[in-house]
Amino acid sequence: MVQRYQFLPVHRCNKVPLIMLYNNVLPLTIVFIISQGAWVLKPRNSKPRSIIHFVGGIFVGAAPQLTYRLFLERLSERGILVIATPYSSGFDHFFIADEVQFKFDRCLRILQETLQLHDLPTFGIGHSLGSVIHLLIGSRYAVQRSGNILMSFNNKEASLAIPLFSPVLVPVAQSIGPLLSQIAASPTIRLGAEMTLKQLENLNPPIVKQVLPLVEQLPPLYMELVKGRENFTPKPEETRRLVKSYYGISRNLLIKFKDDTIDETSTLAQVISSDSAISSMLDMSMRSLPGDHGLPLQQALPDVPPAMADAVNRGGELLANLTVGTPWETVAREVGNTVGVDSRVLRAEISKDMDLLVDVIISWMASNSSPKLLRP
């Protein structure tokens, strides 16, 4: 008999909205709490022994509770309390860093008050652009971290990071810019768009609403192109300079995947180890593991409801179509592969690599849990 899943209405517990995913009989392993704009995943059968602040990659970081679901669940099963901070992709990496750190701080404060989580070691985990964001956080704030785990570091220029940025998208955006600006300024068009989004938000099950951030982030991003935006803030070279001069987290685990064609971990290792602000105190480990850039995004969710599968797959198709012919095409397709008929096959194929990734992270965290936080 096929199990069917449903999302129950949002409940409230200690002023924290709680969303639980059930099958016909028993709760699933995963129980996400949405608190202060962050997604929280608690260990089910044990007290947390560590806390992680997770930041995902470009586009997929908008809904980490979906796109990184399996990876975060595996960490939670090992006694880790996960705080995943979503963000909308954009050109201003400073803004993203400020936003996710603000969400994390507020969420952690609430959890410490309600769950008595004081004195637990805290780590940052970032994937792809999420690694860049953690580096900026560690360069701009005196964050309390036992260490950072930076997977698949990638800090390419906008022309390589934003799908179809050049030479196709920029000329098109510039040529139709005035028209798009008039459309965007039209009260009638805006009202229609707002009503459409409101209708989508009211759809059931709530999983559809959770997919919306993946799509909603795209129009503002491309409107920035229409306005002539061409570079990230800070530019990659400026990011490297900031990290070299101010990054203060001494313990770092750098992870690259053997089949990752867009990885720049070796560049990062050179930046933080060669005459950097932290180099005299640096405790850096590097691991090369099986898999590709999208390994942390892999999922295995058999027998999910059609509405969930359709919503996620449509979002994945949209991103994949936007990234055709770029290095991001494979990564984008991982979004659409999170659910579907082949998920049982996916589970068999990826379980070993995912388990190894989690084992490496857990082992490193266990050996670096004492409070060695920032350079003086």
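Helix α11 covers residues 265-273, and its buried residues are T265, L268, A269, V271 and I272. Buried here means under 20% relative accessible area, exposed over 50%, and partly exposed in between (1.4 Å probe, protein chains only); helices (H or I, at least four residues) and strands (E, at least two) are DSSP runs, numbered from the N terminus. Look down the axis of α11 and the buried residues sit within an arc of 165°, so they line one face of the helix; that arc is taken over the directions from the helix axis to the C-beta atoms. On the face turned away from the buried side you'll find the exposed S266 and Q270.

What do the buried residues of α11 pack against? Their partners are α4, β10, α10, β11 and β12, with contact meaning heavy atoms within 4.5 Å. After α11 comes D275, with a positive phi near 55°.

A quick word on the ground rules: this is a predicted model, where local features need pLDDT of at least 70, side-chain atom pairs count only at pLDDT 80 or more, and totals for chains, interfaces and linings use all residues. Residues are numbered from 1 along each chain as its sequence is written, and side-chain values use heavy atoms, leaving out hydrogens and water.

Now the rings. Those of Phe, Tyr and Trp (its six-membered ring) pair if their centres lie within 6.5 Å; planes under 30 degrees apart are stacked, over 60 edge-to-face, the rest tilted. That gives 4 aromatic pairs. F91 and F232 make a tilted one, 5.7 Å centre to centre with 45° between the planes, linking loops 141 residues apart.
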